[in-house]
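Subject: Structure handover and notes

Hello,

Here is the structure for you to look through. My notes on it follow below.

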Amino acid sequence: MMADDYDTREIWRPLVFRLHENAPRVVREVLLERGWTEFDKEEQDDADWNLYWRNSPFRMTDHHSIKPWQRLNHYPEAVRITRKDYLARHLKRMRGSYGSALYEFSPVAFIMPNDYIKFLSEYSKERQSVGRRSSYWICKPVGLSRGRGILIFQDIKDLVYDCTVIVQKYISNPLLISGYKLDLRLYVCVTSFCPLTIYTYEEGLVRFATEKFDLGSLDNVYAHLTNTSINKYGASYEKYKEGIGCGSKWTFSKFRSYLRIFGVDDMLLWQKINNIVILTLLAVTPLPVASNCFELFGFDILIDEKFKPWLLEVNYNPALRLDCSTDDTVKRKLLHDIVELLNYRQIDAFRQNQVARTKAGRRRVPWSTAGESATREAPGLLTCQKVAKCTSASSVQPALQAARGSTGKVATPSKKTAKAYPRKTLTSQMRERMNMPKTPSPEKAEAKNKQLQGAGYSPHKSDQLSHWLPTPDFCKWKLTTHPYFLSDKDQRPIPRVGDFVLIFPFNEAALQASKDGTDVKSIIKEINKLVSKQLPSKEQNTKKRVGCLTSL
(Lines give C-alpha, C1' and ligand atoms only; values in the text may rest on other atoms or scores of the structure.)
Protein backbone atom coordinates (compact mmCIF):
# COMPACT_ATOMS: atom_id res chain seq x y z
CA MET A 1 0.00 0.00 0.00
CA MET A 2 1.61 3.23 -1.09
CA ALA A 3 0.77 6.68 -2.42
CA ASP A 4 1.58 7.50 -6.03
CA ASP A 5 3.53 10.67 -5.21
CA TYR A 6 6.26 8.99 -3.18
CA ASP A 7 9.05 6.51 -3.63
CA THR A 8 7.48 3.18 -2.69
CA ARG A 9 10.65 2.07 -0.89
CA GLU A 10 10.41 5.15 1.31
CA ILE A 11 6.82 5.09 2.54
CA TRP A 12 5.38 1.59 2.13
CA ARG A 13 3.48 0.51 5.23
CA PRO A 14 1.17 -2.44 5.84
CA LEU A 15 -2.41 -2.20 7.02
CA VAL A 16 -2.87 -2.62 10.77
CA PHE A 17 -5.51 -4.63 12.63
CA ARG A 18 -6.58 -4.22 16.22
CA LEU A 19 -8.16 -7.09 18.16
CA HIS A 20 -10.07 -6.92 21.40
CA GLU A 21 -9.59 -9.68 23.94
CA ASN A 22 -11.40 -12.93 23.08
CA ALA A 23 -11.46 -12.09 19.37
CA PRO A 24 -11.44 -15.27 17.24
CA ARG A 25 -7.96 -16.64 16.66
CA VAL A 26 -8.65 -17.23 12.96
CA VAL A 27 -9.16 -13.47 12.45
CA ARG A 28 -5.55 -12.83 13.50
CA GLU A 29 -4.30 -15.72 11.36
CA VAL A 30 -6.08 -14.53 8.21
CA LEU A 31 -4.95 -10.92 8.57
CA LEU A 32 -1.35 -11.96 9.15
CA GLU A 33 -1.60 -14.17 6.07
CA ARG A 34 -2.59 -11.08 4.11
CA GLY A 35 0.49 -9.17 5.25
CA TRP A 36 -1.20 -7.03 7.91
CA THR A 37 0.49 -6.19 11.22
CA GLU A 38 -1.11 -6.14 14.66
CA PHE A 39 -1.68 -2.91 16.54
CA ASP A 40 0.71 -2.23 19.44
CA LYS A 41 -0.73 0.28 21.87
CA GLU A 42 2.70 0.88 23.42
CA GLU A 43 4.28 1.90 20.12
CA GLN A 44 1.44 3.29 18.03
CA ASP A 45 -1.02 6.16 18.25
CA ASP A 46 -4.60 5.38 19.19
CA ALA A 47 -5.84 6.02 15.64
CA ASP A 48 -3.01 4.14 13.90
CA TRP A 49 -5.05 1.12 12.78
CA ASN A 50 -7.30 0.10 9.89
CA LEU A 51 -9.59 -2.60 11.30
CA TYR A 52 -10.81 -3.01 14.86
CA TRP A 53 -12.44 -6.39 15.58
CA ARG A 54 -14.15 -7.18 18.85
CA ASN A 55 -16.88 -9.50 20.14
CA SER A 56 -18.82 -6.88 22.08
CA PRO A 57 -20.47 -3.69 20.75
CA PHE A 58 -18.41 -0.55 20.36
CA ARG A 59 -19.20 2.54 22.37
CA MET A 60 -20.95 5.33 20.53
CA THR A 61 -17.86 7.49 20.98
CA ASP A 62 -15.92 4.94 18.91
CA HIS A 63 -18.39 5.36 16.05
CA HIS A 64 -18.38 9.10 16.59
CA SER A 65 -14.61 9.41 16.20
CA ILE A 66 -14.08 6.96 13.31
CA LYS A 67 -11.40 7.97 10.80
CA PRO A 68 -11.66 7.55 7.01
CA TRP A 69 -9.10 4.73 6.91
CA GLN A 70 -10.73 2.72 9.71
CA ARG A 71 -13.42 0.02 9.86
CA LEU A 72 -15.32 -1.35 12.87
CA ASN A 73 -16.82 -4.84 12.81
CA HIS A 74 -20.07 -3.83 14.54
CA TYR A 75 -22.89 -1.50 13.62
CA PRO A 76 -24.63 0.47 16.39
CA GLU A 77 -27.82 -1.15 17.71
CA ALA A 78 -27.38 -4.39 15.74
CA VAL A 79 -28.59 -6.16 18.88
CA ARG A 80 -32.13 -5.23 17.81
CA ILE A 81 -32.45 -8.50 15.89
CA THR A 82 -29.91 -10.73 17.63
CA ARG A 83 -31.74 -11.03 20.94
CA LYS A 84 -34.60 -13.46 20.53
CA ASP A 85 -37.19 -11.29 22.28
CA TYR A 86 -36.21 -8.16 20.33
CA LEU A 87 -36.43 -10.08 17.06
CA ALA A 88 -39.84 -11.49 18.01
CA ARG A 89 -41.23 -8.01 18.75
CA HIS A 90 -39.94 -6.54 15.49
CA LEU A 91 -41.32 -9.39 13.39
CA LYS A 92 -44.67 -9.15 15.18
CA ARG A 93 -44.83 -5.42 14.38
CA MET A 94 -43.98 -6.02 10.70
CA ARG A 95 -46.55 -8.82 10.51
CA GLY A 96 -49.19 -6.43 11.80
CA SER A 97 -48.15 -3.63 9.43
CA TYR A 98 -47.61 -5.57 6.21
CA GLY A 99 -49.59 -8.78 6.67
CA SER A 100 -48.69 -12.33 7.61
CA ALA A 101 -48.30 -13.48 4.00
CA LEU A 102 -44.75 -12.11 3.82
CA TYR A 103 -43.84 -12.53 7.48
CA GLU A 104 -44.94 -16.11 8.02
CA PHE A 105 -41.36 -17.40 7.94
CA SER A 106 -41.01 -17.32 11.73
CA PRO A 107 -43.35 -19.09 14.17
CA VAL A 108 -45.31 -16.71 16.39
CA ALA A 109 -43.37 -16.17 19.62
CA PHE A 110 -44.63 -15.68 23.16
CA ILE A 111 -42.25 -13.76 25.43
CA MET A 112 -42.45 -15.19 28.94
CA PRO A 113 -43.46 -14.34 31.57
CA ASN A 114 -45.27 -11.30 30.05
CA ASP A 115 -47.15 -13.32 27.41
CA TYR A 116 -48.01 -16.29 29.59
CA ILE A 117 -51.77 -15.64 29.49
CA LYS A 118 -51.70 -15.32 25.68
CA PHE A 119 -49.71 -18.53 25.40
CA LEU A 120 -52.04 -20.35 27.76
CA SER A 121 -55.02 -19.26 25.65
CA GLU A 122 -53.38 -20.49 22.41
CA TYR A 123 -52.31 -23.74 24.05
CA SER A 124 -55.81 -24.41 25.44
CA LYS A 125 -57.47 -23.58 22.11
CA GLU A 126 -55.38 -26.20 20.34
CA ARG A 127 -55.98 -28.79 23.05
CA GLN A 128 -59.76 -28.34 22.73
CA SER A 129 -59.77 -28.62 18.94
CA VAL A 130 -61.40 -31.92 17.96
CA GLY A 131 -59.29 -34.12 15.71
CA ARG A 132 -56.30 -31.83 15.84
CA ARG A 133 -52.95 -33.25 16.86
CA SER A 134 -51.34 -31.46 19.78
CA SER A 135 -48.50 -29.15 18.81
CA TYR A 136 -44.95 -29.37 20.02
CA TRP A 137 -43.37 -26.27 21.56
CA ILE A 138 -39.84 -25.03 22.02
CA CYS A 139 -38.66 -22.74 24.83
CA LYS A 140 -35.45 -20.67 24.45
CA PRO A 141 -33.78 -18.27 26.91
CA VAL A 142 -33.57 -14.88 25.18
CA GLY A 143 -30.03 -14.13 26.33
CA LEU A 144 -28.30 -17.44 25.68
CA SER A 145 -26.76 -18.95 22.55
CA ARG A 146 -25.25 -22.23 21.32
CA GLY A 147 -28.33 -24.26 22.28
CA ARG A 148 -28.02 -23.61 26.00
CA GLY A 149 -31.20 -23.83 28.07
CA ILE A 150 -33.47 -25.00 25.22
CA LEU A 151 -36.51 -27.10 26.18
CA ILE A 152 -38.88 -28.94 23.82
CA PHE A 153 -42.25 -29.98 25.23
CA GLN A 154 -45.79 -30.98 24.36
CA ASP A 155 -47.46 -30.77 27.76
CA ILE A 156 -47.52 -27.38 29.46
CA LYS A 157 -46.71 -29.12 32.75
CA ASP A 158 -43.17 -29.57 31.42
CA LEU A 159 -42.67 -25.83 30.78
CA VAL A 160 -40.23 -24.60 33.43
CA TYR A 161 -38.10 -21.46 33.20
CA ASP A 162 -36.23 -19.13 35.57
CA CYS A 163 -35.43 -16.23 33.21
CA THR A 164 -36.99 -14.39 30.27
CA VAL A 165 -37.69 -16.90 27.48
CA ILE A 166 -39.57 -17.11 24.23
CA VAL A 167 -41.92 -20.00 23.45
CA GLN A 168 -42.72 -20.92 19.84
CA LYS A 169 -44.29 -23.79 17.99
CA TYR A 170 -41.65 -26.41 17.35
CA ILE A 171 -41.27 -27.27 13.65
CA SER A 172 -41.93 -30.97 13.98
CA ASN A 173 -41.67 -31.84 10.27
CA PRO A 174 -38.11 -30.80 9.36
CA LEU A 175 -36.35 -31.89 6.18
CA LEU A 176 -34.30 -34.97 7.01
CA ILE A 177 -31.33 -36.48 5.22
CA SER A 178 -30.93 -40.17 6.08
CA GLY A 179 -33.13 -39.50 9.10
CA TYR A 180 -31.00 -36.68 10.50
CA LYS A 181 -32.28 -33.17 11.16
CA LEU A 182 -30.34 -30.25 9.69
CA ASP A 183 -30.31 -26.47 9.49
CA LEU A 184 -28.32 -23.85 7.59
CA ARG A 185 -25.90 -21.29 8.98
CA LEU A 186 -26.05 -18.45 6.48
CA TYR A 187 -23.51 -15.63 6.74
CA VAL A 188 -24.91 -12.16 6.04
CA CYS A 189 -22.82 -8.99 5.94
CA VAL A 190 -24.55 -5.63 6.21
CA THR A 191 -22.19 -2.86 5.12
CA SER A 192 -24.76 -0.14 5.80
CA PHE A 193 -28.24 0.26 7.20
CA CYS A 194 -28.65 3.67 5.57
CA PRO A 195 -28.69 3.11 2.67
CA LEU A 196 -29.51 -0.53 3.41
CA THR A 197 -26.88 -2.72 1.74
CA ILE A 198 -26.96 -6.49 2.28
CA TYR A 199 -24.58 -9.21 1.10
CA THR A 200 -25.06 -12.94 1.60
CA TYR A 201 -22.24 -15.44 1.46
CA GLU A 202 -22.73 -18.15 -1.13
CA GLU A 203 -20.82 -20.71 0.90
CA GLY A 204 -21.96 -21.64 4.37
CA LEU A 205 -22.50 -24.48 6.81
CA VAL A 206 -25.13 -27.20 6.90
CA ARG A 207 -25.28 -28.41 10.50
CA PHE A 208 -26.65 -31.85 11.34
CA ALA A 209 -27.93 -33.41 14.52
CA THR A 210 -25.85 -36.50 15.29
CA GLU A 211 -28.70 -38.85 16.21
CA LYS A 212 -31.78 -39.62 14.14
CA PHE A 213 -34.81 -37.39 14.57
CA ASP A 214 -37.41 -38.81 16.94
CA LEU A 215 -40.42 -36.98 18.39
CA GLY A 216 -40.70 -39.72 20.95
CA SER A 217 -37.56 -38.48 22.75
CA LEU A 218 -37.93 -34.74 23.09
CA ASP A 219 -35.19 -34.56 25.71
CA ASN A 220 -32.54 -35.97 23.36
CA VAL A 221 -30.59 -32.86 22.39
CA TYR A 222 -28.43 -34.82 19.91
CA ALA A 223 -31.54 -35.62 17.86
CA HIS A 224 -33.28 -32.21 17.97
CA LEU A 225 -30.51 -29.60 18.16
CA THR A 226 -27.96 -29.00 15.42
CA ASN A 227 -25.53 -26.81 17.40
CA THR A 228 -21.99 -28.10 16.99
CA SER A 229 -21.17 -26.85 20.48
CA ILE A 230 -23.58 -29.53 21.74
CA ASN A 231 -23.23 -32.32 19.19
CA LYS A 232 -19.43 -32.50 19.35
CA TYR A 233 -19.85 -34.03 22.81
CA GLY A 234 -22.25 -36.70 21.57
CA ALA A 235 -21.25 -40.35 21.20
CA SER A 236 -22.04 -40.36 17.46
CA TYR A 237 -20.15 -37.21 16.51
CA GLU A 238 -16.93 -38.90 15.40
CA LYS A 239 -18.66 -41.99 14.03
CA TYR A 240 -19.48 -42.49 10.36
CA LYS A 241 -23.19 -41.85 9.83
CA GLU A 242 -24.78 -43.26 6.69
CA GLY A 243 -25.56 -40.52 4.21
CA ILE A 244 -23.91 -37.86 6.40
CA GLY A 245 -20.37 -39.04 7.09
CA CYS A 246 -18.27 -38.25 10.15
CA GLY A 247 -18.77 -35.10 12.19
CA SER A 248 -21.87 -32.97 11.73
CA LYS A 249 -21.26 -30.43 8.96
CA TRP A 250 -21.49 -30.02 5.21
CA THR A 251 -20.78 -27.03 3.04
CA PHE A 252 -23.56 -25.32 1.10
CA SER A 253 -21.87 -26.51 -2.09
CA LYS A 254 -22.23 -30.15 -1.08
CA PHE A 255 -25.81 -29.65 0.09
CA ARG A 256 -26.91 -27.92 -3.13
CA SER A 257 -25.27 -30.62 -5.24
CA TYR A 258 -27.14 -33.20 -3.17
CA LEU A 259 -30.45 -31.41 -3.83
CA ARG A 260 -29.81 -31.19 -7.55
CA ILE A 261 -29.28 -34.95 -7.75
CA PHE A 262 -32.96 -35.31 -6.85
CA GLY A 263 -34.09 -32.48 -9.14
CA VAL A 264 -34.80 -30.01 -6.35
CA ASP A 265 -34.73 -26.36 -7.48
CA ASP A 266 -32.12 -25.01 -5.10
CA MET A 267 -32.22 -21.59 -6.80
CA LEU A 268 -35.87 -21.16 -5.80
CA LEU A 269 -35.01 -22.19 -2.24
CA TRP A 270 -32.23 -19.61 -2.04
CA GLN A 271 -34.51 -16.89 -3.42
CA LYS A 272 -36.89 -17.57 -0.54
CA ILE A 273 -34.03 -17.50 1.96
CA ASN A 274 -32.77 -14.17 0.58
CA ASN A 275 -36.29 -12.77 0.96
CA ILE A 276 -36.24 -13.82 4.62
CA VAL A 277 -32.94 -12.04 5.16
CA ILE A 278 -34.14 -8.80 3.56
CA LEU A 279 -37.50 -8.79 5.36
CA THR A 280 -35.84 -9.48 8.71
CA LEU A 281 -33.33 -6.64 8.34
CA LEU A 282 -36.08 -4.27 7.16
CA ALA A 283 -37.78 -4.89 10.50
CA VAL A 284 -35.02 -3.06 12.38
CA THR A 285 -34.51 -0.10 10.07
CA PRO A 286 -33.69 2.65 10.50
CA LEU A 287 -30.62 2.34 12.70
CA PRO A 288 -28.39 5.28 13.59
CA VAL A 289 -26.30 6.58 10.70
CA ALA A 290 -22.73 5.34 11.10
CA SER A 291 -19.81 5.28 8.72
CA ASN A 292 -17.02 2.78 8.10
CA CYS A 293 -18.52 -0.14 9.96
CA PHE A 294 -20.17 -3.44 9.06
CA GLU A 295 -22.02 -6.28 10.75
CA LEU A 296 -21.56 -9.99 10.14
CA PHE A 297 -24.71 -11.90 11.12
CA GLY A 298 -25.29 -15.64 11.32
CA PHE A 299 -28.83 -16.44 10.12
CA ASP A 300 -30.03 -19.89 11.20
CA ILE A 301 -32.51 -21.28 8.67
CA LEU A 302 -34.45 -24.54 9.01
CA ILE A 303 -36.11 -26.19 6.01
CA ASP A 304 -39.23 -28.27 6.56
CA GLU A 305 -40.34 -31.35 4.62
CA LYS A 306 -42.39 -29.14 2.25
CA PHE A 307 -39.24 -27.20 1.44
CA LYS A 308 -40.35 -24.07 3.21
CA PRO A 309 -37.48 -22.16 4.89
CA TRP A 310 -38.01 -20.92 8.46
CA LEU A 311 -35.97 -18.34 10.36
CA LEU A 312 -34.86 -19.76 13.70
CA GLU A 313 -32.72 -16.87 14.97
CA VAL A 314 -30.11 -14.29 14.04
CA ASN A 315 -26.71 -14.56 15.70
CA TYR A 316 -24.48 -11.71 16.80
CA ASN A 317 -20.81 -12.65 16.41
CA PRO A 318 -21.43 -15.97 14.63
CA ALA A 319 -18.93 -18.55 15.85
CA LEU A 320 -15.61 -18.50 14.00
CA ARG A 321 -13.99 -21.39 15.82
CA LEU A 322 -12.49 -24.04 13.59
CA ASP A 323 -13.87 -27.30 14.98
CA CYS A 324 -13.38 -29.34 11.80
CA SER A 325 -11.99 -29.20 8.27
CA THR A 326 -15.35 -27.94 6.94
CA ASP A 327 -15.14 -24.98 9.33
CA ASP A 328 -11.65 -24.22 8.12
CA THR A 329 -12.71 -24.32 4.46
CA VAL A 330 -15.69 -22.01 4.93
CA LYS A 331 -14.65 -19.59 7.67
CA ARG A 332 -11.12 -18.84 6.55
CA LYS A 333 -12.30 -17.95 3.04
CA LEU A 334 -15.19 -15.99 4.58
CA LEU A 335 -12.77 -13.73 6.45
CA HIS A 336 -10.59 -13.21 3.40
CA ASP A 337 -13.68 -12.11 1.46
CA ILE A 338 -14.80 -9.80 4.28
CA VAL A 339 -11.47 -7.96 4.04
CA GLU A 340 -11.96 -7.65 0.28
CA LEU A 341 -15.50 -6.36 0.87
CA LEU A 342 -14.11 -3.62 3.15
CA ASN A 343 -12.52 -2.18 0.01
CA TYR A 344 -9.33 -0.71 1.44
CA ARG A 345 -7.53 1.71 -0.85
CA GLN A 346 -3.85 2.53 -1.18
CA ILE A 347 -4.24 5.70 0.83
CA ASP A 348 -5.64 3.79 3.84
CA ALA A 349 -2.09 2.65 4.64
CA PHE A 350 -1.27 6.31 5.46
CA ARG A 351 -3.28 6.22 8.65
CA GLN A 352 -1.90 9.44 10.09
CA ASN A 353 -3.12 12.06 7.65
CA GLN A 354 -5.34 13.28 10.50
CA VAL A 355 -3.13 12.39 13.46
CA ALA A 356 -1.23 15.30 14.91
CA ARG A 357 1.90 13.51 16.02
CA THR A 358 3.62 10.17 16.45
CA LYS A 359 4.85 8.72 19.68
CA ALA A 360 8.52 8.88 20.58
CA GLY A 361 10.76 6.35 18.87
CA ARG A 362 8.61 5.94 15.74
CA ARG A 363 9.87 6.77 12.27
CA ARG A 364 8.39 9.99 10.89
CA VAL A 365 6.93 10.18 7.39
CA PRO A 366 5.60 13.41 5.74
CA TRP A 367 1.99 12.37 6.42
CA SER A 368 0.54 15.85 6.08
CA THR A 369 1.66 16.15 2.46
CA ALA A 370 0.74 12.55 1.69
CA GLY A 371 -2.59 13.01 3.39
CA GLU A 372 -3.40 16.17 1.40
CA SER A 373 -2.68 14.52 -1.92
CA ALA A 374 -4.55 11.44 -0.81
CA THR A 375 -7.65 13.42 0.00
CA ARG A 376 -7.67 14.85 -3.49
CA GLU A 377 -7.04 11.49 -5.19
CA ALA A 378 -9.29 9.16 -3.19
CA PRO A 379 -12.94 10.22 -3.60
CA GLY A 380 -14.05 7.13 -1.72
CA LEU A 381 -12.82 8.26 1.67
CA LEU A 382 -15.58 8.67 4.19
CA THR A 383 -16.08 11.77 6.25
CA CYS A 384 -18.88 12.71 8.60
CA GLN A 385 -20.50 16.08 9.10
CA LYS A 386 -22.78 17.01 11.93
CA VAL A 387 -26.13 18.42 10.87
CA ALA A 388 -26.97 20.10 14.13
CA LYS A 389 -24.83 22.86 15.65
CA CYS A 390 -21.83 21.44 17.46
CA THR A 391 -20.52 22.82 20.69
CA SER A 392 -17.09 24.27 20.00
CA ALA A 393 -14.03 23.08 21.91
CA SER A 394 -13.79 26.43 23.67
CA SER A 395 -17.29 26.03 25.09
CA VAL A 396 -16.79 22.59 26.59
CA GLN A 397 -15.39 23.86 29.86
CA PRO A 398 -18.22 26.43 30.37
CA ALA A 399 -20.72 23.68 29.64
CA LEU A 400 -19.16 21.44 32.28
CA GLN A 401 -19.16 24.28 34.78
CA ALA A 402 -22.79 25.08 34.02
CA ALA A 403 -23.69 21.45 34.62
CA ARG A 404 -22.04 21.68 38.02
CA GLY A 405 -23.93 24.87 38.85
CA SER A 406 -20.88 27.12 38.69
CA THR A 407 -21.16 30.75 37.51
CA GLY A 408 -17.47 31.67 37.72
CA LYS A 409 -15.10 32.36 34.86
CA VAL A 410 -13.51 29.59 32.80
CA ALA A 411 -9.94 30.48 33.61
CA THR A 412 -8.65 29.63 37.05
CA PRO A 413 -8.40 32.92 38.92
CA SER A 414 -5.33 33.99 40.85
CA LYS A 415 -5.53 34.66 44.55
CA LYS A 416 -5.70 38.43 44.03
CA THR A 417 -8.41 38.09 41.43
CA ALA A 418 -10.37 35.77 43.68
CA LYS A 419 -10.42 38.33 46.49
CA ALA A 420 -11.94 40.97 44.21
CA TYR A 421 -15.20 39.05 44.09
CA PRO A 422 -17.43 38.13 47.03
CA ARG A 423 -17.32 34.45 47.83
CA LYS A 424 -20.46 32.65 46.75
CA THR A 425 -22.06 30.61 49.51
CA LEU A 426 -24.10 27.47 48.95
CA THR A 427 -27.27 29.39 49.85
CA SER A 428 -26.61 32.17 47.31
CA GLN A 429 -25.87 29.63 44.59
CA MET A 430 -29.13 27.78 45.32
CA ARG A 431 -31.08 31.08 45.25
CA GLU A 432 -29.60 31.99 41.88
CA ARG A 433 -30.46 28.60 40.41
CA MET A 434 -34.03 28.77 41.78
CA ASN A 435 -34.54 32.18 40.18
CA MET A 436 -33.22 31.11 36.80
CA PRO A 437 -35.91 30.48 34.13
CA LYS A 438 -36.70 26.80 33.76
CA THR A 439 -35.62 26.38 30.18
CA PRO A 440 -33.47 23.46 29.09
CA SER A 441 -29.82 24.43 28.93
CA PRO A 442 -28.04 23.38 25.72
CA GLU A 443 -24.78 23.25 27.66
CA LYS A 444 -26.29 20.81 30.14
CA ALA A 445 -27.71 18.69 27.35
CA GLU A 446 -24.32 18.62 25.63
CA ALA A 447 -22.56 17.63 28.84
CA LYS A 448 -25.12 14.91 29.49
CA ASN A 449 -24.73 13.58 25.96
CA LYS A 450 -20.95 13.41 26.35
CA GLN A 451 -21.37 11.54 29.62
CA LEU A 452 -23.72 9.01 28.05
CA GLN A 453 -21.53 8.52 24.99
CA GLY A 454 -18.54 7.75 27.16
CA ALA A 455 -20.38 5.12 29.19
CA GLY A 456 -19.68 1.47 28.46
CA TYR A 457 -22.16 -1.23 27.52
CA SER A 458 -22.42 -4.66 28.99
CA PRO A 459 -24.22 -7.09 26.64
CA HIS A 460 -25.07 -9.30 29.60
CA LYS A 461 -27.00 -6.63 31.52
CA SER A 462 -30.14 -5.40 29.81
CA ASP A 463 -30.56 -2.64 32.37
CA GLN A 464 -27.37 -1.04 31.06
CA LEU A 465 -28.59 -0.95 27.46
CA SER A 466 -29.54 2.71 27.70
CA HIS A 467 -25.89 3.63 28.26
CA TRP A 468 -24.98 2.03 24.94
CA LEU A 469 -27.82 3.27 22.74
CA PRO A 470 -26.98 6.39 20.74
CA THR A 471 -27.91 9.80 22.02
CA PRO A 472 -30.30 11.94 19.95
CA ASP A 473 -27.32 14.16 19.13
CA PHE A 474 -25.44 11.25 17.60
CA CYS A 475 -28.36 10.27 15.39
CA LYS A 476 -28.13 13.64 13.59
CA TRP A 477 -24.83 12.73 11.96
CA LYS A 478 -24.93 12.56 8.19
CA LEU A 479 -22.54 11.00 5.69
CA THR A 480 -21.20 13.54 3.25
CA THR A 481 -19.31 11.23 0.85
CA HIS A 482 -20.15 7.82 -0.53
CA PRO A 483 -19.38 4.80 1.70
CA TYR A 484 -16.47 2.43 1.16
CA PHE A 485 -18.68 -0.30 -0.34
CA LEU A 486 -19.77 1.84 -3.30
CA SER A 487 -18.04 1.47 -6.62
CA ASP A 488 -15.93 4.45 -7.71
CA LYS A 489 -17.20 3.87 -11.24
CA ASP A 490 -20.97 4.21 -10.83
CA GLN A 491 -21.44 5.05 -7.11
CA ARG A 492 -23.48 1.88 -6.56
CA PRO A 493 -22.89 -1.07 -4.25
CA ILE A 494 -20.40 -3.53 -5.69
CA PRO A 495 -22.52 -6.49 -6.92
CA ARG A 496 -20.10 -9.25 -5.97
CA VAL A 497 -16.92 -9.55 -3.90
CA GLY A 498 -15.48 -13.05 -3.67
CA ASP A 499 -18.37 -15.26 -2.54
CA PHE A 500 -20.33 -12.30 -1.16
CA VAL A 501 -23.29 -11.51 -3.40
CA LEU A 502 -25.35 -8.33 -3.15
CA ILE A 503 -29.01 -9.19 -2.46
CA PHE A 504 -30.18 -5.69 -1.51
CA PRO A 505 -30.79 -3.36 -3.24
CA PHE A 506 -31.98 -5.83 -5.89
CA ASN A 507 -33.30 -3.32 -8.45
CA GLU A 508 -33.37 0.40 -9.17
CA ALA A 509 -36.63 0.98 -7.29
CA ALA A 510 -35.26 -0.70 -4.15
CA LEU A 511 -32.07 1.36 -4.43
CA GLN A 512 -33.99 4.62 -4.59
CA ALA A 513 -36.28 3.56 -1.72
CA SER A 514 -33.26 2.95 0.53
CA LYS A 515 -31.72 6.39 0.02
CA ASP A 516 -32.29 9.31 2.40
CA GLY A 517 -34.08 7.08 4.88
CA THR A 518 -35.48 3.65 4.19
CA ASP A 519 -38.93 3.68 2.56
CA VAL A 520 -40.02 0.29 3.90
CA LYS A 521 -43.46 0.42 2.28
CA SER A 522 -42.00 0.87 -1.22
CA ILE A 523 -39.43 -1.88 -0.64
CA ILE A 524 -42.15 -4.28 0.54
CA LYS A 525 -44.04 -3.52 -2.67
CA GLU A 526 -40.96 -4.47 -4.73
CA ILE A 527 -40.50 -7.68 -2.74
CA ASN A 528 -44.14 -8.62 -3.40
CA LYS A 529 -43.45 -8.24 -7.11
CA LEU A 530 -40.48 -10.58 -6.81
CA VAL A 531 -42.46 -13.18 -4.90
CA SER A 532 -45.28 -13.12 -7.47
CA LYS A 533 -42.77 -13.95 -10.22
CA GLN A 534 -41.87 -17.28 -8.62
CA LEU A 535 -43.41 -19.88 -10.90
CA PRO A 536 -46.01 -22.17 -9.28
CA SER A 537 -44.86 -25.01 -11.52
CA LYS A 538 -41.44 -24.94 -9.90
CA GLU A 539 -43.04 -25.17 -6.47
CA GLN A 540 -45.03 -28.21 -7.56
CA ASN A 541 -41.98 -29.92 -9.07
CA THR A 542 -40.05 -29.36 -5.85
CA LYS A 543 -42.81 -30.89 -3.72
CA LYS A 544 -42.91 -34.01 -5.88
CA ARG A 545 -39.26 -34.72 -5.11
CA VAL A 546 -39.33 -34.00 -1.40
CA GLY A 547 -40.79 -37.39 -0.54
CA CYS A 548 -38.00 -39.16 -2.38
CA LEU A 549 -35.35 -36.98 -0.74
CA THR A 550 -36.63 -37.43 2.82
CA SER A 551 -36.95 -41.19 2.43
CA LEU A 552 -33.31 -41.38 1.34
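I start with one residue and its surroundings. Leaving aside neighbours within four places in sequence, K249 is in contact (heavy atoms within 4.5 Å) with L205, V206, F208, T228, C324, T326, D327 and K331. K249 belongs to strand 13, residues 249-251. Helices (H or I, at least four residues) and strands (E, at least two) are DSSP runs, numbered from the N terminus. With a relative accessibility of 11%, K249 counts as buried; buried means under 20% relative accessible area, exposed over 50%, and partly exposed in between, with a 1.4 Å probe and protein chains only. K249 and R207 are 42 residues apart in sequence, while their C-alpha atoms are 4.8 Å apart in space.

Before the rest, some notes on the source. This is a predicted model, in which local features need pLDDT of at least 70 and side-chain atom pairs count only at pLDDT 80 or more, while totals for chains, interfaces and linings use all residues. Residues are numbered from 1 along each chain as its sequence is written, and side-chain values use heavy atoms, with hydrogens and water left out.

Helix 2

Helix 2 spans residues 25-33, and its buried residues are V26, V27, V30 and L31. These residues lie on the same side of helix 2, because they cover an arc of only 130 degrees around the axis; the arc is that of the directions from the helix axis to the C-beta atoms. Among what covers them are strand 1 (16-19), strand 3 (51-53) and helix 10 (325-341). Just after helix 2, G35 has a positive phi of about 90 degrees.

Helix 8

Y258 is placed in helix 8, residues 252-261. Its relative accessibility is 16%, so Y258 counts as buried. Y258 and I177 are 81 residues apart along the chain, and their C-alpha atoms are separated by 9.9 Å.

Aromatic rings

There are 19 aromatic pairs in the structure. One of them joins F504 and F506: the ring centres are 5.7 Å apart and the planes are at 75 degrees, so this pair is edge-to-face. Rings of Phe, Tyr and Trp (its six-membered ring) pair if their centres lie within 6.5 Å; planes under 30 degrees apart count as stacked, over 60 as edge-to-face and the rest as tilted. F504 is buried, with a relative accessible area of 0%, whereas F506 counts as partly exposed at 25% relative accessibility. Elsewhere, ring pairs link F110, F119, Y123, W137 and F153 into a cluster.

Two arginines lie over ring faces. R18 is over the face of Y52, at 4.7 Å from the ring centre, and R54 is over the face of F58, at 5.3 Å from the ring centre. A charge sits over a ring if NZ of Lys or CZ of Arg is within 6 Å of the ring centre and within 35 degrees of the ring normal.

Backbone details

The peptide bond from C194 to P195 is cis, with omega near 0 degrees. P195 is in the loop between strand 10 (180-193) and strand 11 (196-201). The bond from T285 to P286 is also cis, with omega near 0 degrees, and P286 is in the loop between helix 9 (266-282) and strand 14 (295-303).

E77 is a residue other than glycine with a positive phi, near 70 degrees. It lies in the loop between strand 4 (71-72) and helix 4 (84-98), and E77 counts as buried at 9% relative accessibility. F307, also not a glycine, has a positive phi near 65 degrees. The loop between strand 14 and strand 15 (309-316) holds F307, which is buried with a relative accessible area of 3%.

Cavities

How many cavities of 30 Å³ or more does a search of the whole structure find? The search finds seven. A cavity is a set of points, on a 1 Å grid over the protein atoms alone, where a 1.4 Å probe fits but cannot get out; lining residues have an atom within 4 Å of a point. Grid points are joined across faces, edges and corners, and a volume is the space filled by probe spheres set on the points.

The largest cavity holds about 330 Å³ of space. Its lining has 27 residues, of which I138, K140, I150, L225 and L312 lie nearest its centre. The elements that give two or more residues to this lining are strand 6 (137-141), strand 8 (165-169), strand 10, strand 14 and strand 15.

Regards

Terms used
1 Å grid on protein atoms, 1.4 Å probe; cavity = no way out; pocket = protein on both sides within 12 Å on 5 of 7 lines; lining within 4 Å.
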